[in-house]
Amino acid sequence: MLIIRNLPQHFLPLFKLSSSLSIFFLYFFYTFLLLATNPNNNYLVKAHIFIYAGCSQDKYQPNSPFVPSLNSLLSSIVSSSSQTLYNSYALGNDSSDPQESSIYGLYQCNGNLQLKDCSTCVASAVSQMNIVCPYNFGAILQLDGCYLRYEHEDFLGKPDTSLRFNKCSKNQLRGDAELLRRRDNVLADLLHSGGGVTGFKVSSSGSIEGFAQCLGDLTPEDCSACVSDVVMKLKDMCGDAAAGDVFLAQCYARYWASGYSHSSDPSNDDEVGKTVAIIVGVLAGVAVFIVLLSFCRKSLG
């Protein structure tokens, strides 16, 4: 069983800083945050925006046979992501391997990403996995541009349409019959357009755009069923919202009206402001702590 978490991505790297390089990484991370919150530089970081994560309740020990299998899986995923947008793996399940060493995993990038951007997104997801789900036998991480999952038990190809995450913009299309009609046309088209290997479906109607995507381990029939489910949920959950996202376990769909997105919500601006303030405070506190620690070491030495 996976426990779904919706955590701000901006906080994740703070928990993995080595003491010897803290100042450098804190400065780098703060610069990166400024880029992320600057609308003129959103293209640099959009693919790495945190959506949700999930962790299994069962955990392994540091000396477990699961560890080398996990390391091998994550290494293979990073390597493969520079060559293809999707891949799946089954490792450590040979009869001669310890039972605890078996691991199944996959990654997938959005169908509109170039391979170099896919590789960067996947590397970011892998680097965060141990922070989000330390010592868990199963973990999933959904970033805006890519998805990563591993489990001790085989989950590959098994249909799952459970709801993982949804968000609807506060901006509404209410009263604009033409835009609502175009939105409905886009959602209807997503149900019938072909998706290729990774089930990536794109549609547009005037100023309304949208796309949907299935995980590559689904059959075409299961992909169609999943997309049908997620599109219906998207329409039901978001109503007349100008933009909406719904993520199920094995597929997702989103739409938006030109000029409208979650980032244009006033509430999101407030959230970003609070996030910046908190992180600046944390950075300042850590910096002071490092300076004091260095001073104490010199005094004792």
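In the predicted model, Arg254 is buried, with a relative accessible area of 7%. This residue belongs to strand 11, which spans residues 251-257. Apart from neighbours within four places in sequence, Arg254 is in contact with Asp144, Glu209, Gly210, Phe211, Leu234, Gly244, Asp245 and Phe247. The side chains of Arg254 and Asp144 are joined by a polar contact of 3.3 Å. Asp144, Asp245 and Arg254 are furthermore linked in a network of salt bridges. Arg254 therefore counts as buried, since its 7% relative accessible area falls under the 20% limit that defines the class.

A search of the whole structure finds 10 salt bridges. One of these pairs is formed by the side chains of Glu178 and Arg182, with a distance of 3.0 Å from N to O. Glu178 and Arg182 lie four residues apart in helix 4 (residues 177-190), so about one helical turn separates them. Glu178 is partly exposed, with a relative accessible area of 36%, and Arg182 is likewise partly exposed, with a value of 26%.

Helix 4 also takes part in a pairing with another helix. The side chains of Asp184 and Lys235 meet in a salt bridge of 3.6 Å, N to O. Because Asp184 lies in helix 4 and Lys235 in helix 5 (residues 220-238), this pair ties together parts that are 51 residues apart in sequence. Asp184 is partly exposed, with a relative accessible area of 27%, and Lys235 counts as partly exposed at 36% relative accessibility.

A further salt bridge joins the side chains of Lys116 and Asp117, at 3.5 Å from N to O. Lys116 counts as exposed, with a relative accessibility of 56%, whereas Asp117 is partly exposed, with a relative accessible area of 31%. The two residues fall into separate classes because 56% for Lys116 is over the 50% limit for exposed residues, while 31% for Asp117 lies between the 20% and 50% limits.

The nonpolar part of the interior was examined next. In soluble globular proteins, nonpolar side chains tend to be buried together. In this protein, the largest nonpolar core has 30 residues, and those with the most contacts inside it are Ile77, Val122, Leu141, Leu148 and Tyr150. Two or more residues of this core come from each of the following elements: strand 2 (50-56), helix 2 (66-80), strand 4 (103-109), helix 3 (115-132), strand 5 (139-143) and strand 6 (146-151). The greatest contribution is that of helix 3, which gives seven residues. A second, separate core has 18 residues, among them Val227, Val230, Val231 and Ala253.

The values for the protein as a whole complete the description. The protein contains six helices and 11 strands. Of its 301 residues, 44% count as buried. Among contacts between residues at least 6 apart in sequence, 66% join residues at least 24 apart. The protein exposes about 15,200 Å², of which carbon and sulfur atoms supply 57%.

Note on methods
Residues numbered from 1 in each chain as written. Predicted model: local features only at pLDDT ≥ 70, side-chain atom pairs only at ≥ 80, totals over all residues. Heavy atoms only, no water. Salt bridge = Lys/Arg side-chain N within 4 Å of Asp/Glu carboxyl O. Buried < 20%, exposed > 50% of the residue type's maximum accessible area, 1.4 Å probe, protein only. Contact = heavy atoms within 4.5 Å. Areas by Shrake-Rupley, 256 points an atom, 1.4 Å probe, with all protein chains shown as cover. Core = buried A, V, L, I, M, F, W, Y, C linked by side-chain atoms within 4.5 Å. Polar contact = N/O pair within 3.5 Å; in protein donor to acceptor, adjacent residues only side chain to side chain.
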